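Morning, everyone. Let's talk about salt bridges today. Please have a look at the screen.

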Amino acid sequence: MKANPTYSICMCNYNMADTIEQSLTSLLSQVDHRFEVVLVDDGSTDGSVSIVKAMQQQYANLRLVSLTRDRQRKLGMTRNISIEQSRGDYVLLHLDCDDIFGPHLVHFVEVFHRIQACLGRDILLSGQHINMAKRQFLLQQGGYLNIYRGEDRDLWRRMAAIDAYVPLD
């Protein structure tokens, strides 16, 4: 795997063994060496970690970060860990382990760069089940709140307050 990929796809897993392989394959089959997938496992007990470890034999750009389960850590904090653990200059977020992704990821990245260049400032581009921003920008803005539901909406609200939220339908 390339030591410093340009893009990090940040994913979180907790007991998604039924869907994780198909979800990861839908992402990994459409990206190249510029991308890594950082999958943060939040203490799964259903065999999903074994599935990811087996997939790492085929996909060198799949990286697993295993956490011990902590009930105080909600999805927002787990998402922050995925950003912190990423190596890319840009992060793609909200790609969940129970979603299947069509062949549009690279196009979304291209659109992000075009919009950001036109606006001339850091942004969070928010599409359908996918968000993208510069890694450092997200970290500077404080990332997600440590909540289970609504962590994404809170981030969008805070980004909108600084004129950095760009929704794309």
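Predicted model: local features only at pLDDT ≥ 70, side-chain atom pairs only at ≥ 80, totals over all residues.

Residues are numbered from 1 along each chain as its sequence is written, and side-chain values use heavy atoms, with hydrogens and water left out.

How many salt bridges does a search of the whole structure find? It finds 11. By salt bridge I mean a side-chain nitrogen of Lys or Arg within 4 Å of a carboxyl oxygen of Asp or Glu.

Start with Asp-42 and Arg-69. Their side chains meet at 3.1 Å, N to O. Asp-42 sits in the loop between β2 (35–41) and α2 (48–56), and Arg-69 in the loop between β3 (62–66) and α3 (75–85), 27 residues apart. Helices (H or I, at least four residues) and strands (E, at least two) are DSSP runs, numbered from the N terminus. Asp-42 is buried, at 6% relative accessibility. Arg-69 is partly exposed, at 33%. Buried means under 20% relative accessible area, exposed over 50%, partly exposed in between (1.4 Å probe, protein chains only). Arg-73 joins Asp-42 and Arg-69 in a network of salt bridges.

Next pair. Asp-96 and Arg-79 form a salt bridge at 3.4 Å, N to O. Asp-96 lies in the loop between β4 (90–93) and α4 (105–119), Arg-79 in helix α3, 17 residues apart. Here Arg-79 is buried, at 5%, and Asp-96 is partly exposed, at 23%.

Last one. Asp-163 meets Arg-121 at 3.2 Å, N to O. They are 42 residues apart. Asp-163 is partly exposed at 48%, and Arg-121 is partly exposed at 33%.
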